[in-house]
Amino acid sequence: MTLIRELDIGTPIRVSDTTVTLTIDGEQVTVPKGTSIMAAAMMMGTQIPKLCATDSLEPFGSCRVCLVQIEGRRGYPASCTTPAEDAMVVHTQNADIAKRRRGVLELYISDHPLTCLTCSANGDCELQDVAGKVGLRDVRYGYAGENHLDAPTDDSNPYFTFEASKCIACSRCIRACEEIQGTFALTMEGRGFESKISAGGTDFMGSECVSCGACVQACPTATLNEKSVIELGTPEHSVVTTCAYCGVGCSFKAEMKGETVVRMVPYKDGKANEGHSCVKGRFAFGYATHKDRKTKPMIRAAITDPWREVTWDEAIAYAASEFKRIQAKYGRDSVGGITSSRCTNEETYLIQKMVRGAFGNNNVDTCARVCHSPTGYGLKTTLGTSAGTQDFASVEHSDVILVIGANPTDGHPVFASRMKRRLRAGAKLIVADPRHERGAAECHGACGRHRSAGGRSLCARALRNAGLRCLGQVRGTGPKFARSHGGAHRGAGGGYTCGGPAFRHGRQRCDLLRIGCNGAQPGQHHGHGHGEFGHGHRQYRQTGRRR
Ligand code: SF4
Ligand code: SF4
Ligand code: SF4
Ligand code: FES
């Protein structure tokens, strides 16, 4: 068993009806229009070194490690932010490119602790890998210049640390929190040499962070690192499994050392979560080794008897003989099976197979059907089937989303992140719930436009009375959206109500509004618009001579 390393093509996969054909290092490759040069190169097996790019995030173009040459164009464009074009001729390797990449790495390393051997990410660090790939052997500037080596560590989060001295200001964490999770807990404070990651001016624990771990996963260095890795060391092998905490059913790689789980890493190949997670699946795995957990089968013939540890063979044989005995005495229909909604589909399938095949009856059920019988009834009546008709990914193509009697942010966080991503892109959300639902209630309550008669969130009755016109409109992003809500949601700083500074300063808690800012206000989140060269460029910060 080995550690599963997933392929990272650097920028997200693009889908398009049109393709472009270009030549990279003498080889032709055809890719969907919109694909970056970096991803096109990866698709043909050529790896371009990168630091600020990863395929779960939109390209940003800040580290400049991935520069290439394009025939007929001046300079050395970043391959992550440059789209592939028809008839382009690209060179990813030559002496000139190599020298420039080494130069960039030299600047990074001149302001980085030289503690690789004792670092918790030794062997699992992209900075270390890239320094090796570009052949960095020496740092001409020495290490005595101005640096960030004494930057303090934020240890406040129970699951991960933030070791600021190792930060390369690539902004992957900020973007992961915004683009994937949709919490907007992080920002880049300061400019140039002074730029640093900030959890809204406080520590992680005091911030709006919900400990989903997306930033930790995105971090290319040990700056954001799981405490379990620091304590137990880097894992040795992976086991792919499914989170059983909620019905989303996120796929994870349980990364292990022997029989010990070192960390749970959301699996990119998981169709429900596509590499994202919430705090439960990501960090709440202590139950696996909890002292109260029963790991050996036990039998007792009567409730008054003490439990007796037995082998699996004995336990299974005993259960089978008891089923047979009961059926012989009371008839074939006297036994059945019921699965929990926390079981995977595969487990539920196996139980129904056993009940039908071995018990010879149809006494099979799942608790999901019991709690969701109204939903099942409604679906069957309107659509002809009581099963879901869509997968989670389809929310990304929805224009209007109607959430009835559910609070995805709390109950199914990974789906909520997907849904909020779509809302940030302009979809409308309607919430119908008899309960005081945090996101909708505060949003509609605050603007005073969508309250139901009872002053609660938009309940089904209010919705009906409003003839479905009273929508929790979360349309539009950035200034236009914020202005349309007047001053009702301004933060204490008087800024627009995006997830950016105004929100953080105002300490407001409106989830629905928090989705409204999508980097639409350059200068508020990051100091610069996305993709602008110079953002957080610590390699330009060391001394005046290199600015
Ligand atoms: S753990 Fe999640 S919510 Fe917290 S800062 Fe990181 S990405 Fe944002
Ligand atoms: S903490 Fe954020 S900015 Fe710093 S290296 Fe990690 S991902 Fe990049
Ligand atoms: S959303 Fe969270 S609790 Fe639900 S399956 Fe995914 S990781 Fe587990
Ligand atoms: S990986 Fe392209 S600029 Fe950083």
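Is Phe204 buried or exposed? At 4% relative accessibility, Phe204 counts as buried, because the cut-off for that class is under 20%. Please keep in mind as you read on that this is a predicted model.

**The chain as a whole**

The protein chain has 18 helices and 18 strands. Of its 547 residues, 46% are buried. Among contacts with a separation of 6 or more, 62% join residues 24 or more positions apart. The chain exposes about 27300 Å², and carbon and sulfur atoms supply 53% of that area.

**Aromatic pairs**

Let's return to the rings. The structure holds 7 aromatic pairs, and two of them are set out here.

| Pair | Centre distance | Plane angle | Class |
|---|---|---|---|
| Phe162 and Phe204 | 5.7 Å | 45° | tilted |
| Phe323 and Phe359 | 4.7 Å | 55° | tilted |

Phe162 sits in strand E6 and Phe204 in the loop between strand E8 and helix H5, so this pair ties together parts that are 42 residues apart in sequence. Phe162 is buried too, with a relative accessible area of 8%.

Phe323 is partly exposed at 32%, whereas Phe359 is buried at 7%.

**Cysteines and ligand 2**

The structure holds 0 disulfides. Cys80 is buried, with a relative accessible area of 2%, and Cys177 is buried at 9%. Around ligand 2 there are 14 residues, the closest being Cys167, Cys170, Ser171, Cys173 and Cys219. This shell divides into 10 nonpolar, 3 polar and 1 charged.

Conventions
Residues are numbered from 1 along each chain as its sequence is written. Chains are lettered from A and ligands numbered from 1 in the order in which they are written. This is a predicted model: local features need pLDDT of at least 70, side-chain atom pairs count only at pLDDT 80 or more; totals for chains, interfaces and linings use all residues. Side-chain values use heavy atoms; hydrogens and water are left out. A residue is near a molecule or strand if one of its heavy atoms lies within 4 Å of it. Ala, Val, Leu, Ile, Met, Phe, Trp, Tyr, Cys and Pro count as nonpolar, Asp, Glu, Lys and Arg as charged, and the others, Gly among them, as polar. Helices (H or I, at least four residues) and strands (E, at least two) are DSSP runs, numbered from the N terminus. Buried means under 20% relative accessible area, exposed over 50%, partly exposed in between (1.4 Å probe, protein chains only). Contact means heavy atoms within 4.5 Å. Accessible areas come from the Shrake-Rupley method with a 1.4 Å probe; for residues, only the protein chains shown count as cover. A disulfide is a pair of cysteine sulfur atoms within 2.5 Å. Rings of Phe, Tyr and Trp (its six-membered ring) pair if their centres lie within 6.5 Å; planes under 30 degrees apart count as stacked, over 60 as edge-to-face and the rest as tilted.
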